[in-house]
Amino acid sequence: MNKRGVSPLVATLILIMFSVALGALVMNWGKAYIEERAEFVTGAKTSPLSCDHIDLAIIKVGDTQQICTNPTSGMLRIDIENGVGSQVDNIQLRIVGTQSVLTLDRLLGTALAKGESKTVEYPYTQAGQVKQVKLTPYMLINNEPRMCAAKSVVVNEPIRNC
């Protein structure tokens with residue numbers, strides 16, 4: 001009967017300290033895991049998943065859209081602007097003329113940022129007299145270029161001379 005053991009009070013304290021240490025270890029691991037997942041979710045929110053926020057337009061001065069043809073130089077000139085919703089990574093240009101249809105898949109040299117405007121020019125003489133111009137924006141969705149046909153801008157004749 002001279003055996004000495006751990007009293008129930010000390011045993012309880014040891015079990016509580018072990019539980020707290022194990023809980024702290026699991027919480028620390030869980031915190032790092034949750035932060036990693038939260039960064040993944042936040043990153044997904046910042047990259048657009050659809051074309052809904054694109055607001056591409058041809059600049060208007062008064063009631064006149066700033067699109068014109070220059071018969072002397074043979075260039076079609078367009079002043080475009082992007083709204084504040086999403087960046088436009090590129091634009092497809094389609095010119096329908098009396099002789100043919102011209103299509104240029106990449107009109108922009110660099111992306112059109114939110115709220116930015118640019119003047120672009122493209123030769124149109126092979127198409128003949130311009131009947132219609134269509135600008136279709138592209139944007140990167142999950143690092144893949146996607147055409148946003150629903151957000152296209154179409155200008156029908158008459159297109160004025162510059």
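Strand β4 (residues 67-70) pairs with strand β5 (residues 75-82) in the antiparallel sense, over four bridges. Strands here are DSSP runs of E with at least two residues, helices are runs of H or I with at least four residues, and both are numbered from the N terminus. Two strands pair if DSSP finds at least two bridges between them. Cys-68 stands opposite Arg-77 in β5. The two strands form a hairpin with four residues between them, and Gly-74 takes a positive phi near 75° in this hairpin.

This is a predicted model: local features need pLDDT of at least 70, side-chain atom pairs count only at pLDDT 80 or more, and totals for chains, interfaces and linings use all residues. Residues are numbered from 1 along each chain as its sequence is written, and side-chain values use heavy atoms, with hydrogens and water left out.

## The hairpin of β6 and β7

Strand β6 (residues 90-97) and strand β7 (residues 101-104) also pair in the antiparallel sense, over four bridges. Three residues lie between β6 and β7 in the hairpin that they form. Leu-93 stands opposite Leu-104 in β7.

## The whole chain

The protein chain has one helix and 11 strands. Along the sequence the pattern is α-β-β-β-β-β-β-β-β-β-β-β. The radius of gyration of the protein chain is 31 Å, well over the 15 Å that the globule rule gives for 162 residues, so the chain is more spread out than a compact globule. This radius is taken over C-alpha atoms, and the globule rule is 2.2 Å times the number of residues to the power 0.38. The C-alpha trace spans about 115 × 30 × 25 Å along its principal axes.

Contact means heavy atoms within 4.5 Å. Among contacts between residues at least 6 apart in sequence, 66% join residues at least 24 apart.

Of the 162 residues in the protein chain, 28% are buried. Buried means under 20% relative accessible area, exposed over 50%, and partly exposed in between, with a 1.4 Å probe and protein chains only.

Where is Pro-158 found? Pro-158 lies in the segment after β11 (153-156). Its relative accessibility is 77%, so Pro-158 counts as exposed. Pro-158 and Val-130 are 28 residues apart in sequence, and their C-alpha atoms are 8.3 Å apart in space.
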